[in-house]
Amino acid sequence: MEVTINNIRKEFERFPALNDVSLKIASGELIALLGPSGSGKTTLLRLIAGLDFPTSGKIFFGDQDASHHSVQERNVGFVFQHYALFRHMTVAENIGFGLKVRPAGSRPPKTEIRRRVSDLLEMVQLGGLEKRYPNQLSGGQRQRVALARAMAIEPRILLLDEPFGALDAKVRKELRRWLREFHDRTGHTTVFVTHDQEEALELADRVVVMSQGKIEQVGSADDVYDRPGSPFVFSFIGESSQLPVEVKDGTMLFQGQPIGISEQGDGAGELFFRPEDVTLVDAPDALFGKVTACRRLAGTRIAEIDIANEGHAPYHVEVEVPLHAPIELGSETRFRPTRWKVFRK
Amino acid sequence: MIHNATASPAKWRLKQPSIIPGFGLTLGFSLAYLSLIILIPVAGLLWRTAGLGWSGFFAVLTDRRTLDALYISFGTAFVAALVNVVFGTVVAWVLTRYNFPGRRLIDAIVDLPFALPTAVAGIALAALYAPNGWVGSLFMPFRIAFTPLGIVVALVFIGLPFVVRTVQPVMEELDREVEEAAATLGANRFQTISKVILPGLTPAILTGFALAFARGVGEYGSVIFIAGNIPYVSEIAPLLIVIRLEEFNYAGATAIATIMLIISFVMLFIINLIQAWNRRRYGNV
C-alpha cells in the first residue's frame with residue numbers, strides 16, 4: 001500500500017509538533033523516521049495510524065483519502081514501544097484479538113482464527129507459547145507477540161514506534177536483523193520510528209531525518225551519510241566537526257588564513273567534515289591545533305584537537321589518525337579535510 | 001551477628017537475615033497489635049459462644065429470626081456492593097478520565113461517607129426516602145424506606161468510597177497505549193472497554209467489592225434509621241445482636257456474631273484466593 005502525506009501540520013495546544021510535512025512512501029518500502037526526541041517522528045507515525053488527526057493536510061492510502069478515517073477503518077498494524085500487550089490474555093488470545101472483535105459478518109470462524117494464530121506464532125518463531133501470559137515472556141518475545149498481533153489483521157501498512165527501544169543491545173541487534181528478513185518475506189509497507197541512527201541506517205530502504213517538526217532529508221543510508229543536505233543532518237548522523245569559514249576567490253579561509261582547500265562561491269559559511277575524511281599534512285596552509293586526547297576506537301585512533309580561538313573557548317574537532325602516526329598529547333598537529341561540505345550562512 | 005548468620009545451616013530459620021533491619025521488632029509489634037485489637041476480642045467472642053454448647057448454638061443458628069436477619073444482612077450488603085461496583089467504577093472513570101470544573105470537589109465528596117457519622121446519614125436518607133420524603137414520595141405507592149430496599153440504599157451510600165478509592169488509582173495507572181492497541185486492531189469503544197479495560201480492572205473492582213460488602217455486613221448506625229427494623233422483614237443481624245444484649249442474652253448475641261464472623265471470613269478468604277490466582281496469572285496488577 002502506497003502512502004502519501006501531503007502538507008501535514010499538527011499543533012498541540014498551538015505548539016506545532018509537525019510543520020508542513022510531505023512524504024511519499026512507496027508500496028513495500030521499509031522506511032525509518034529518524035530524529036531526536038521532540039522532532040515529531042512519533043507524531044507523524046500516529047497521524048498515519050489515525051491515533052491522532054492532523055490540524056491540516058491530508059493522508060492518502062493509495063488513491064484513497066484516509067485523513068478522516070478512524071483508526072479502526074484504516075486497518076493498520078501498530079507496534080508500540082512498550083508492547084501494549086493485553087496482560088490478562090494469553091499469547092494466542094492477544095494475537096487473535098483483532099480477528100475476534102470483527103463484526104459477525106467478516107469474523108473468521110474459531111478454527112480459522114486458531115489456525116491463523118498458530119501460523120503467525122510460527123512466523124515470529126514463538127511456536128508452542130500459545131498458552132503463556134505476557135508476563136511470562138522476555139522483552140524480545142513480547143515484542144514479537146506484539147508484531148504477530150499487528151500482522152493478524154492483515155494490515156495495509158505496518159507501523160512500529162521505537163520497536164526495539166526497550167530491549168537490551170544484543171536482543172535489539174537480533175530483532176533488527178529479524179525484522180529486515182520478516183519485511184523482505186512479507187513485503188509489507190513498513191514505517192518505523194527510531195532515534196537510533198545505526199538502526200535506521202542498517203535497516204531501512206530510505207531514512208527520513210526529522211528535526212523540530214520538519215523533514216530535513218529523505219534518502220538512502222548512503223545519501224544521508226555521504227551527502228547530508230543540511231547542517232542538522234551532517235551533525236546528527238555520524239561523527240562530525242564544524243568550523244566557521246570564509247570563502248574568498250575560490251580559497252577557503254579559517255580565521256583569515258588559507259587552509260589549503262578550495263571551494264566554489266565566495267562568502268561566509270560553516271565547514272563540516274567527518275573524522276575519517278581528514279589527512280595529516282606538513283604544510284603551512286592547513287588547520288592546526290593541540291592534541292588534547294587520543295582514544296583507540298576499534299581499528300582506528302581518534303585524536304581530539306583544540307584549535308585556538310582568541311578570546312573564546314577553543315574550537316573542538318575530532319580527527320581520525322593512522323594507528324602508527326606519531327601523535328603526542330599536547331603536540332601541535334596540522335591537518336586538512338579531504339571531503340567536506342560548506343553550508344552557507 | 002556474623003556468627004549467628006553463618007552458624008548451624010541445618011537449623012530451621014524464621015527468616016534469612018535481610019539488608020533491611022527490624023524484622024523481629026516489626027513482626028513482634030504486629031503480632032502484639034493484632035492480638036490486642038483483633039485476636040483477643042475474637043477469642044473472647046468464641047469463648048462466650050462456646051458456653052452455649054453445640055445444641056444451644058444450633059438452636060440460635062436455626063432460629064427463624066436469626067436466619068432472616070442474617071439473610072437480610074448478607075443479602076442487602078451483597079446487592080449494595082454490586083450496585084457500588086457498577087456506579088463506583090463509573091464515578092472512578094469520570095474522575096480519572098475527564099477534566100471538568102468541580103472535579104476536585106466531587107473527588108472530595110466521594111469521601112464523605114467515610115467521615116459523616118453513620119447515624120446522620122441514616123436519618124438523612126430515611127427522611128429523603130420515606131413515603132412522605134422528597135424522593136420517597138415520587139415512588140409511592142412503592143416504598144423504599146422501612147423495607148430491605150431502604151437498607152440497600154443506606155449501604156450503597158456507606159460503601160461507595162470503598163469501590164471508588166480502590167478502583168481509581170488502578171485506573172489512573174492504566175496504559176493508554178493498550179487502549180490504542182485495541183483500537184488499531186479494529187476494536188470499537190465498547191469492545192475496548194469490555195474486553196480490555198474492565199478485565200484489567202477486575203482485581204481492583206473485586207477488592208472494592210469485598211471492602212464494600214464487608215463494611216455493609218457490619219453496618220449498624222445508618223441502617224437502623226432507614227430499615228424500619230421489622231423482625232423477619234427488615235431486621236439486620238447486628239441489630240438482632242443488640243436486641244439480644246439488651247435481653248442480657250449474651251450467649252445468644254455472641255452466637256449470632258460468631259456465625260456472621262464465620263460467613264464473612266469465608267467470603268473474604270475466597271475473594272483473596274481469587275485475587276492471588278489473578279496475580280499469579282497476570283503478574284502484579
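1. Which residue is the bridge partner of D161(A) in β8(A)? That partner is V193(A), and the two strands concerned, β7 (residues 157–161) and β8 (residues 190–194) of chain A, run parallel and are joined by four bridges. Strands here are DSSP runs of E of at least two residues, and helices are runs of H or I of at least four, numbered from the N terminus; two strands pair if DSSP finds at least two bridges between them.

2. This is a predicted model, in which local features need pLDDT of at least 70 and side-chain atom pairs count only at pLDDT 80 or more, whereas totals for chains, interfaces and linings use all residues. Residues are numbered from 1 along each chain as its sequence is written, while chains are lettered from A and ligands numbered from 1 in the order in which they are written.

3. In chain A, an open sheet of six strands with mixed pairing has the order β6-β7-β8-β3-β9-β10. Because β6 and β10 (214–219) of chain A stand at the edges with a single partner strand each, one side of each is left without a neighbour in the sheet.

4. Between the chains, 20 residues of chain A are in contact with 18 residues of chain B, contact meaning that the C-beta atoms, placed from the backbone, lie within 7 Å. On the side of chain A that touches chain B, at least two residues each are supplied by α2 (71–74), β6 (76–79) and α3 (91–100) of chain A.

5. Helix α10 (residues 176–184) of chain B has V178(B), A181(B), A182(B), A183(B) and T184(B) buried, a residue being buried if 20 or more other C-beta atoms lie within 10 Å of its own, exposed if 12 or fewer, and partly exposed in between, with C-beta atoms placed from the backbone. The cover over the buried residues of α10(B) includes α1 (41–49), α2 and β6 of chain A, together with α11 (189–218) of chain B. After α10(B) comes G186(B), whose phi is positive, near 100 degrees.

6. Helix α9 (residues 148–173) of chain B packs with α11(B) at an angle of about 155 degrees, the axes being 8 Å apart; axes are lines fitted to C-alpha atoms, for helices over the stretch in contact, and angles run from 0 to 180 degrees between N-to-C directions. α9(B) and α11(B) are therefore roughly antiparallel to each other, a term for angles over 145 degrees, with under 35 counting as roughly parallel, 65 to 115 as roughly perpendicular and the rest as oblique. Among the residues that make the contact are F162(B) and V163(B) of α9(B) and L201(B) and F209(B) of α11(B).

Key: Two residues are in contact if their C-beta atoms, placed from the backbone, lie within 7 Å.
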